[in-house]
Amino acid sequence: MKFDLDDQQRDFAASIDAALGAADLPAAVRAWSTGDTAPGRKVWSTLADLGVTALNVAEEHDGIGAHPVDMVVAGERLGYWCVPGPVAESVAVAPVLLAAGPDGAERSAALAAGGLIATVSAPLQPRAVNADFAGLTLVVDGQVRDGSVGTGHESVDPSRKLFDVTASGPGWDADLERASQFGALITAAQLIGAGQAMLDASVEYAKQRTQFGRVIGSYQAIKHKLADVHIALELARPLVYGAALSLGDRSLDTARDVSAAKAAAAEAGLLAARSALQTHGAIGFTQEHDLGLLLLRAQALRSAWGDPAYHRRRVLEAL
């Protein structure tokens with residue numbers, strides 16, 4: 001059997017690429033890292049115009065109520081372009097947590113419209129990402145509560161600052177497991193996108209960089225290294241989309257499938273990062289080269305919503 005995206009999903013991905021490709025994301029990420037989120041907010045406004053922020057919001061709350069596969073399509077493209085901000089938290093997790101909460105309809109509608117951006121503190125990631133940027137911070141501690149933002153901490157990715165959060169106010173019930181699965185799934189999709197971006201950059205650079213009088217892309221060792229990354233991504237991508245199908249169907253195997261996807265995507269992203277750095281050489285370490293933004297993002301996303309060890313253990317328990 002062959003699974004593939006339909007024309008509408010391909011057009012959706014192409015529209016995201018067209019919009020983000022014209023937005024100078026590297027400059028926005030660098031500005032974000034220094035505390036200037038204005039360029040990043042313009043990017044989020046663009047995402048709202050494209051309907052990305054409304055994907056996981058129910059139709060009765062002015063959202064799209066999209067299938068998880070559509071969310072993975074968007075997550076992969078956002079990972080490819082290294083969009084800053086709490087992507088998985090605001091686009092995928094918060095709509096699940098807010099649906100049954102106080103003012104849930106109003107706040108969900110604000111999420112869908114892009115006027116509200118949310119971040120989340122949960123057992124899998126106790127510190128909330130970009131809580132200084134988000135207009136709403138949610139805390140998961142058996143129930144869901146609004147959170148008060150405390151001390152900020154630097155992350156391996158300077159654009160993903162982490163914050164201590166204290167729960168405040170009354171709590172409400174939500175499908176916490178499903179919210180966590182969405183967080184892991186969309187993070188996995190971002191890792192696939194970031195890995196693909198690093199592979200594409202490496203392939204282009206290998207056509208230009210010369211060593212011993214030949215472009216390095218002509219050496220078999222480089223070809224094999226890049227081919228290994230391509231294979232890793234192509235093996236991980238179906239797991240991510242398969243997990244999206246499980247999540248959409250509310251399958252009994254959803255936890256296993258999401259964990260398998262996150263573990264595979266994390267390893268593929270790490271392989272892409274290592275190979276990209278080896279292909280580019282020392283220039284990949286420099287602040288001026290855009291590769292560094294993806295290297296740091298992949299490392300940060302690798303542990304977000306459960307590191308590979310956690311998800312491999314979940315797969316083993318399911319088997």
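**Chatting through the model**

Modeller: In this predicted model, the end C-alpha atoms of residues 7-102 lie 38 Å apart, and that span is 65% helix and 0% strand.

Colleague: What does UniProt list for residues 7-102?

Modeller: An unreviewed UniProt entry lists them as "domain: Acyl-CoA dehydrogenase/oxidase N-terminal".

Colleague: And which residues does the C-terminal domain annotation cover?

Modeller: Residues 171-318, under "domain: Acyl-CoA dehydrogenase/oxidase C-terminal", again according to an unreviewed UniProt entry. That span is 76% helix and 4% strand, with its end C-alpha atoms 31 Å apart.

Colleague: OK, helices then. At what angle do H5 and H6 cross?

Modeller: Roughly 170°, with the axes of H5 (residues 87-98) and H6 (residues 104-113) coming within 10 Å. Angles over 145 degrees count as roughly antiparallel, so H5 and H6 are roughly antiparallel to each other.

Colleague: Which residues make that contact?

Modeller: From H5, Ser90, Ala94, Pro95 and Leu98; from H6, Gly104, Arg107, Ser108 and Leu111. By class, that gives four nonpolar, three polar and one charged residues.

Colleague: Switching topic: how many residues does the largest nonpolar core have?

Modeller: It has 89 residues, and Trp44, Val52, Val83, Leu138, Met198 and Val240 have the most contacts inside it. Helix H7 (residues 176-206) supplies the largest share, 14 residues. There's also a second, separate core of five residues, including Phe163 and Val165.

Colleague: What does Trp44 touch?

Modeller: Leaving out residues up to four places away in sequence, its contacts include Trp32, Val83, Ile117 and Phe133. Ser90 and Val91 are also among them.

Colleague: Now the loop between H3 and H4. Is His61 buried or exposed there?

Modeller: His61 is buried, at 16% relative accessible area, and it sits in the loop between H3 (38-50) and H4 (68-80). Beyond residues up to four places away in sequence, His61 touches Ala99, Gly104, Ala105, Ser108, Ala109 and Ala112.

Colleague: And Asp62, buried or exposed?

Modeller: Asp62 is exposed, with a relative accessible area of 61%. Asp62 is in the loop between H3 and H4 too, and its phi is near 70°, a positive value in a residue other than glycine.

Colleague: Where is Asp24?

Modeller: In the loop between H1 (7-21) and H2 (25-33). At 47% relative accessibility, Asp24 counts as partly exposed.

Notes: Residues are numbered from 1 along each chain as its sequence is written. This is a predicted model: local features need pLDDT of at least 70, side-chain atom pairs count only at pLDDT 80 or more; totals for chains, interfaces and linings use all residues. Side-chain values use heavy atoms; hydrogens and water are left out. Axes are lines fitted to C-alpha atoms, for helices over the stretch in contact, and angles run from 0 to 180 degrees between N-to-C directions. Helices (H or I, at least four residues) and strands (E, at least two) are DSSP runs, numbered from the N terminus. Angles under 35 degrees count as roughly parallel, over 145 as roughly antiparallel, 65 to 115 as roughly perpendicular and the rest as oblique. Contact means heavy atoms within 4.5 Å. Ala, Val, Leu, Ile, Met, Phe, Trp, Tyr, Cys and Pro count as nonpolar, Asp, Glu, Lys and Arg as charged, and the others, Gly among them, as polar. UniProt positions are given in the numbering used here, feature names are shortened, and annotations may be inferred rather than shown by experiment. A nonpolar core is a set of buried Ala, Val, Leu, Ile, Met, Phe, Trp, Tyr and Cys residues joined through side-chain atoms within 4.5 Å. Buried means under 20% relative accessible area, exposed over 50%, partly exposed in between (1.4 Å probe, protein chains only).
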